[in-house]
Structure formats: structure tokens, C-alpha cells
Amino acid sequence: MTSLQPPWRALLRIVLGVVLSASPLVASAFRPVAARHAMVVSSEPFASEAGLEILKAGGNAVDAAVAVGFALAVTHPEAGNIGGGGFMLVRLAGGESVVVDYREEAPAAASRDMYLDSEGRVIPGASTEGALAVGVPGTVAGLALAHQKYGKLPWRRVLAPAIRLAAEGFRVSYGLSESLRADAEQLAKFPESRRIFLRDGRPYEPGETFRQPELAKTLRRIARDGPAGFYQGPVARALVETMRKHQGRIELADLRHYQAKVRQPLQGSFRGYAILTVPPPSSGGIGLIEMLNVLELLDLGPPNSYQSIHLVAETMRRAYADRAAYLGDADFASVPVGGLTSKEYAAKLREEILKAKAEVAVQAGHPADFEATQTTHFSVVDADGNAVANTYTLNGSFGSYVTVEGAGFLLNNEMDDFTTKPGEPNMYGLVQSEANAIAPHKRPLSAMTPTIVVQDGKVRLVLGSPGGGTIINTVLQVLLNVLVFKMDIRQAVTAPRFHHQWMPDHLVMERWGFSADTIQKLEEAGYKLEDRDRMGACESIEIDPETGWRFGAADPRAAGKAVGY
Ligand code: DON
């Protein structure tokens, strides 16, 4: 065969380049997705594309993030939502940064012991399933506040992709079909959830089209009336009627009362990088900064080595013990944020850790369930360098399983994040204190950790993850992988993870990723290991500090997508 002539070769190279760069194979290969100007990474491809559409239409990172948030409410109903809540961290190119706290709130009729029986025992399922588990949703207020403060495009325009996806439908992915099947039994307990999400009992197969006309109508109303289209009028009335029917406690007054709150980000430093993250009512920022402060002056050795796992796990153990003891909504309880995030306190912990071996005091009887991966995080960077890290959730997969009748959306089960009873573990096995006790209008303690790392005044990393109690440790490890172990963002996100949360006293590991020798050494040191297939879905962006190129990495643990231009 004759060799190709140079012009043909050049043409072939161009054609191959175009085909490969557009191919999903390349996006999921062991390289980050590169873009010159802007990047969106989320756990669901249609939602990432919605963000890109808005960026290309002239929107900024906040416009795109709002579009992704609404789109996920349609295409990723396990966690994407308008019936839940979360945190959005925004950092503008000029340096201003802000957290929009749109965490759910306890209704006025909530009380400290509402999930206990007359003998003071936790009523199984009461805080996790059904209408009593629902906190007042914050998502619509939060996305609207972010848009009102920073958005550039009209509100209606940023909702358009979500409305289209709900009205015209979208192809059900393998992942969504599996999630619906996995939770079919619980969804079927609520007739409206069964009708919509199980098509009266026949779950969607991959490739089928899922249309949600009621949700489209609700979204159109929000597009027309803003947050009032959700917190007042027919949608609010439908929500309250659904509550009454299923013995929930949210009233119209609770919906009117709800406000998203603008907060100052929590700021830390790590080896010269500035860390921006979320304050209470999330524990995520405090935990992350506390751990980074401890680790800053330790020699971690090579990644995945015994030395690094031991030092990081002992740090995790202590930060999670503090979480359990001290943290709650700081608008209601006194939370020692300054002390926990101080370098002096970290020095004391570091000393303890260097003296200690694996402090294993094996505890039994805490049924930790890290399996659920149903919160969702997305990251956006625009052409001007504005950045958004957003994590939001219904809490469990499909939340409380209750769908608002006629309005087409699921409600959260975020009340389970409160301390239902001090010392009693929640659905993530997390033990919590009086500081997180239930009170009217209080927000439950979260572990969500949307985070932005700044280097020399410019955004370097945008990240966050789902994973209940594991979230803070996932963010910590991806951050260490880039900043300490010098991995690129794709390697950092893919690398195996481990998790310690003080109680139960287990070192949870994605065992597939660690060498048999390391595992053996950890066991010999006394760690009680627990295997986990996967933890988190850290949808991340890194900006090259020299060239400004944006690199996106969708976590291979979820079926998401990084897209940019
Ligand atoms: O706010 C929190 O910490 C939890 N409600 C998050 C739940 C979660 O990440 C579920 N997904 N794994």
C-alpha cells in the first residue's frame, strides 16, 4: 500500500482531531477535558449541556450554574431538585466571593423530639421517608438569589433548557433507569411518585423518553413569577395539601418565611493557596479547613502509601469527632468556628497524631450507609474567570419519596440531617450533638463542601461532591491529590478514596485502588477496614495557572460530563 501524501495526511489528522475531540470516548479517557474559555462539569450530561448552552448565549458562570441546577431537577431526579436545598459558592473574577445558603429549614411546627416515640426511642423511618421528613425547600429561593445578585441573562432564559427538557422529555440513561428500579418499592408507596416516576408501576428502561408535563408547568410558573411562583400561589398550595395528606408539617406560612441567606465564605489557607468554602449550617468548610491546617505541616509521603493514609485518616477521625461534638446551624447554636479552624488548634491535633498509632477502639452497632450517592455537585467557570461551586440535594436518593401532587417534583428528607436524638447515628452513620437539635426555622447540619481554591489571586480549582458524611473527605483528597501529589485534575478525581468519620471506628476504603501490601499494613496497625465500591462524585475544574486553560473532570464514579468551549 502506498503511504498517504502529505496533504491527505494533514487532512486526516484534522478530521480525526475533530471526531476525537467531539467523541464521548475522549471525554471519559484518562485525560481532563480541555477548553480555552469556559467549562461546566456535572453528574448528568443533559444538565452540563444546558450550562454550556447558557454560556454560549452570553451568560456568565452564575447564569450557567442556575441553568444546570434547574436542568438537574428534571434529568437527575434522584438528587437534582427544586424540592431540596444546598449551597452555592460564587467567586467573581474580581475577587469578590459569596455563599448563597439555601439549605432547607425546619417548619414552625417542628420540635426537638418529633422523631421519638413516647418512650424516647427514634421511630424508624420517620425522619427519612414520607412527609414528616421534609424540610422547607430552599433551592428555588437560592438559585433566584444568586441570579438576582450576579446573573446577566434574563431569568426566563436560564430556565429555558430545563423547561424544554421537562416538556419535550429526554432519553433515560442506564443510570437513571437503575436508580428508579432500586428505589421503586419506596416510590410506589406514594401514588403521585408511582404515577410519575414509575409510570404507574412500569419503570423506565434506558433509552425511553421521560416527559414531565407537571414539572414543566411548575418551572414555567417559576420562570414567569420568580420565587413567588414556588413559595406562593398554586404550587405552594399543592405542596401544603400534599403535606396534609401525608401527615407532614409544612404550612403556607413556612413557605412564605423561607429566605436564602447570603453568607461570607469560610476562608482558610494551605501551603500558600487560599481555600474558599462554606460556613455553617454546613460542617463541610470547618471540617475541610481543620484537616488542611493539620496536614499542611506533615510529610505525607507518596500518595496511597501507608504513611499518607495513616496521617490523613487520623486527621479525619479528629475533625469528625469535632463535627459530632460542636456543629450545628450557627444562627441558633454557638459554634466555635474560629477555634476549630485556627492554626494553633491544628498544631495541637498534629502533635497528638504524630504520637498516636492507629487509635482503634472498635465500636459495633452503627449501621453506616455510605452507599447512597444522591446529592449532586456541579462546577462552572466562565470566560471571564468567574467560578461557581454548587452542591445541592434531596438528601437520600429521591428524598422523602413524596411528590407534590400536580406539581411534578419530589420533596427532600433533609430533616434526617438534624440530631433526631443525641448520640444516635443518622442515615450516614453520623453521630451529632445538641448543637444540631431540631428547632423551628433552624437549618440541619450538612456535610456539603463546595470549594474553590485560589492561587495568586486567581481561581485554580473548583470542586465539591455528594456522599453524605464522606463528602468532606472526598473534597479533601481531591484537593491534596492536586496540591500535594501534583496529579492533574482527571487523575486527582479518579484516584481511590478512603474515609474515616470517627464513629463508627472504620476506615472505609475503595479497596480496588490500594495495594495488597498497604491494606495489610493498615490492618496490622489496627485499622478496621470496610470495603466500599465507590465514594462521591467530585465534578471538578482546574485552571492552568500559567495558560488559563480550563480542565474539566467528570468523576468516573458517576455518569456525568465535562463540557466547555
Ligand atoms: O447535607 C448533607 O450533608 C446530606 N444531606 C448530603 C446527602 C448526600 O450527600 C447524599 N448522597 N450521598
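Let me start with Gly-548, which sits in the loop between strand 17 (540-543) and strand 18 (550-553). Please keep in mind that this is a predicted model. Leaving out residues up to four places away in sequence, Gly-548 touches Arg-36 and Ile-543. Lys-458 is 90 residues from Gly-548 along the chain, and the two C-alpha atoms are 9.5 Å apart in space.

Now the overall layout. The protein is divided into domain 1, made of 41-261 + 390-420, and domain 2, made of 263-374 + 448-564. Over C-alpha atoms, the centres of the two domains are 27 Å apart. Where the domains meet, 30 residues of domain 1 are in contact with 35 residues of domain 2.

Next, the ligand. Where does the ligand lie relative to domain 1 and domain 2? It lies between them, because both domains give residues to the shell around it. In that shell, 16 residues surround the ligand, and the closest are Thr-375, Glu-414, Asp-417, Ala-447 and Gly-468. By type, the shell divides into 6 nonpolar, 7 polar and 3 charged residues.

The side chain of Asp-417 has an N or O atom 2.5 Å from a nitrogen atom of the ligand. At Gln-374, a backbone N or O atom lies 2.8 Å from a ligand nitrogen atom. At Gly-467, a polar backbone atom is 3.0 Å from an oxygen atom of the ligand. Taken alone, the ligand exposes 340 Å², and the protein buries 99% of that.

I will move to two residues inside the protein. Thr-218 is in helix 10, residues 213-225. Is Thr-218 buried or exposed? Its relative accessibility is 3%, so Thr-218 counts as buried; the cut-off for that is under 20%. Its side chain reaches the backbone oxygen of Ala-407 at 2.8 Å. Ala-407 is also among the residues that Thr-218 touches, along with Ile-82, Val-235 and Phe-409, if residues up to four places away in sequence are not counted.

The second residue is Asn-81, in the loop between helix 4 (61-75) and strand 3 (85-91). Asn-81 has a relative accessibility of 2%, and therefore counts as buried too. Which backbone oxygen does the side chain of Asn-81 reach at 2.9 Å? That one belongs to Ala-79. The Asn-81 side chain also reaches the backbone oxygen of Thr-393, at 3.3 Å. Beyond four places away in sequence, Asn-81 touches several residues, including Leu-72, Thr-139 and Tyr-392.

Last, some backbone geometry. In general, most residues other than glycine have a negative phi, and most peptide bonds are trans. Here are some exceptions.

The peptide bond from Pro-280 to Pro-281 is cis, with omega near 15°. Pro-281 lies in the loop between strand 9 (273-277) and helix 14 (284-295). Met-503 and Pro-504 are also joined by a cis peptide bond, with omega about -5°. Pro-504 is in the loop between strand 14 (498-499) and strand 15 (507-509).

Trp-502 is in the loop between strand 14 and strand 15 as well. Its phi is near 70°, a positive value in a residue other than glycine. With a relative accessible area of 30%, Trp-502 is partly exposed. Tyr-401 also has a positive phi, about 75°, and is not a glycine. Tyr-401 is in the loop between strand 11 (387-393) and strand 12 (451-455). Its relative accessible area is 9%, so Tyr-401 is buried.

Key:
Residues are numbered from 1 along each chain as its sequence is written. This is a predicted model: local features need pLDDT of at least 70, side-chain atom pairs count only at pLDDT 80 or more; totals for chains, interfaces and linings use all residues. Side-chain values use heavy atoms; hydrogens and water are left out. A residue is near a molecule or strand if one of its heavy atoms lies within 4 Å of it. A polar contact is a pair of N or O atoms within 3.5 Å; within protein, one must be able to donate a hydrogen and the other to accept it, and residues adjacent in sequence count only if both atoms are side-chain atoms. Accessible areas come from the Shrake-Rupley method with a 1.4 Å probe; for residues, only the protein chains shown count as cover. Ala, Val, Leu, Ile, Met, Phe, Trp, Tyr, Cys and Pro count as nonpolar, Asp, Glu, Lys and Arg as charged, and the others, Gly among them, as polar. Domain bounds come from an automatic or database domain assignment. Helices (H or I, at least four residues) and strands (E, at least two) are DSSP runs, numbered from the N terminus. Buried means under 20% relative accessible area, exposed over 50%, partly exposed in between (1.4 Å probe, protein chains only). Contact means heavy atoms within 4.5 Å.
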